[in-house]
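Good morning, colleagues. Please turn to the model now on the screen; I shall begin with one residue and then move to the whole protein.

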Amino acid sequence: QLQLVESGGGLVQPGGSLRLSCAASGFTLDYDNIGWFRQDPGKEREGVSCISNRGGYTNAADSVKGRFTISRDNAKNTVSLQMNSLKPEDTAVYYCAAVRMPYVSSCFSNPLGYTYWGQGTQVTVSS
């Protein structure tokens, strides 16, 4: 069964940090672009950051640039999102997603283009 599983969410105070992980089972992520997305109730799903299949290209939303860092370890079949200097407006359910793109050296943040999705992990930033 092809599956993505996120972990690492939780409650953190403003200014704190969290590290989210996305682990794949049933398939290898070696040829996949990976995106992190977030969604608040009543809002559209928002692209947070993405990374190309070999990790040579990354992109991040303006709202998280300089605070969030995406990385991947293909040997462990995982992708991580390090989130620093968290703000209350970062509160959302965070999802990772994958799409097979073996010949593309960039990535994109439109959720409609992604094939596999995890179940999400809640991040709450509050004092």
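Ser 49 sits in strand 5, which covers residues 46-51; strands here are DSSP runs of E with at least two residues, helices are runs of H or I with at least four residues, and both are numbered from the N terminus. This is a predicted model, in which local features need pLDDT of at least 70, side-chain atom pairs count only at pLDDT 80 or more, and totals for chains, interfaces and linings use all residues. Residues are numbered from 1 along each chain as its sequence is written, and side-chain values use heavy atoms, with hydrogens and water left out.

Beyond its neighbours within four places in sequence, the contacts of Ser 49 include Ile 34, Trp 36, Asn 59 and Leu 81, a contact being heavy atoms within 4.5 Å.

I turn to the whole protein. The secondary structure comprises 0 helices and 11 strands. The radius of gyration is 14 Å, close to the 14 Å that the globule rule gives for 127 residues, so the protein is as compact as a globular protein of that length; the radius is taken over C-alpha atoms, and the rule is 2.2 Å times the number of residues to the power 0.38. Of the 127 residues, 44% are buried.

Key. Buried means under 20% relative accessible area, exposed over 50%, partly exposed in between (1.4 Å probe, protein chains only).
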